[in-house]
Amino acid sequence: TPLVIEVQEEAASGEVRTTVKDVAKDRYENEVHVKVIGSGNAEFISGETDLRGVFVAGGVQGTATVIAEEGDNRYAFFRGRTWLGPPAIQRAADTPEAAKAKAAAKAPPASDAEQLLRGLQESNSVIQQMQSENLKKNFYDKPANGVQLKEAF
């Protein structure tokens with residue numbers, strides 16, 4: 001298609017500035033639908049270009065992918081190579097803990113009954129662990145001093 005996108009990436013802030021131009025008409029296009037996503041983002045950031053043909057997306061984390069769509073069959077695509085956003089996110093985004101935290105953040109808040117049940121389960125788990133350690137220490141690990149007559153009968 002004759003659409004071309006020019007992308008400026010601001011690494012520290014995670015901002016992506018996209019300009020959409022129709023090279024056949026040699027003009028910048030307004031009201032073009034633009035979608036931006038970073039490799040560390042869970043959702044797209046989308047909107048329309050303004051009268052200057054510009055769309056700015058903030059909060060992009062990771063390497064950016066930009067797609068511009070005008071009408072039914074006019075597209076332009078950009079894939080960045082620069083890491084955007086804080087460097088700590090790059091390391092943390094690849095860990096299983098980060099995936100669990102992201103899933104927990106999306107989960108709806110627990111009701112009071114669910115929170116109470118979770119608290120009771122955690123308390124019971126701690127008590128069971130303590131009792132298991134006491135049994136091991138006081139019975140299994142204790143040396144036997146022969147057979148006691150009372151225990152034999």
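View 1. Two strands pair if DSSP finds at least two bridges between them, and strands here are DSSP runs of E with at least two residues, just as helices are runs of H or I with at least four, numbered from the N terminus. This is a predicted model, in which local features need pLDDT of at least 70 and side-chain atom pairs count only at pLDDT 80 or more, while totals for chains, interfaces and linings use all residues. Residues are numbered from 1 along each chain as its sequence is written, and side-chain values use heavy atoms, with hydrogens and water left out. Strand E3 (residues 27-28) pairs with E2 in the antiparallel sense over two bridges, and Lys-21 stands opposite Tyr-28 in E3. The hairpin of E2 and E3 has four residues between the strands, and Asp-26 in this hairpin takes a positive phi near 55°.

**View 2. The surroundings of Lys-21.** Lys-21 lies over the face of Tyr-28, at 5.3 Å from the ring centre (NZ of Lys or CZ of Arg within 6 Å of the centre and within 35 degrees of the ring normal). Lys-21 also forms a salt bridge with Asp-26, the closest N and O atoms being 3.2 Å apart (a side-chain nitrogen of Lys or Arg within 4 Å of a carboxyl oxygen of Asp or Glu).

**View 3. Strand E2 among its neighbours.** Six of the eight residues of strand E2 (residues 15-22) are buried, so E2 is largely enclosed by the rest of the structure. On strand E1 (residues 3-10), eight bridges reach E2 in an antiparallel arrangement, in which Glu-10 stands opposite Glu-15. The hairpin of E1 and E2 has four residues between its strands, and Gly-14 in the turn has a positive phi of about 75°. Strand E6 (residues 54-57) likewise runs antiparallel to E2, with four bridges between them, and Val-54 of E6 faces Thr-19.

View 4. Strand E4 (residues 33-38) and strand E5 (residues 45-48) run antiparallel and are joined by four bridges, with Ile-45 in E5 as the bridge partner of Val-36. A hairpin of six residues connects E4 to E5. E4 also pairs with E7 in the antiparallel sense, over six bridges, and Ala-64 in E7 is the bridge partner of Gly-38.

**View 5. A nonpolar patch that includes Phe-44.** Phe-44, Ile-67, Tyr-75 and Phe-77 make a nonpolar surface patch of about 400 Å² (residues with over 30% relative accessible area and no salt bridge, nonpolar side chains being joined within 5 Å and like charges within 9 Å; areas by the Shrake-Rupley method with a 1.4 Å probe). Ile-67 belongs to strand E7 (residues 64-70), and the face of Phe-44 has Lys-35 over it, at 5.4 Å from the ring centre.

View 6. Glu-70 and Arg-74 meet through their side chains in a salt bridge of 2.8 Å, N to O, and Asp-22 is linked with both in a network of salt bridges. Glu-70 is buried at a relative accessible area of 17%, and Arg-74 is buried at 18%. In another salt bridge, the closest N and O atoms of Asp-50 and Arg-52 are 2.6 Å apart; here Asp-50 is partly exposed at 26%, while Arg-52 is exposed at 51%.

Notes:
Buried < 20%, exposed > 50% of the residue type's maximum accessible area, 1.4 Å probe, protein only.
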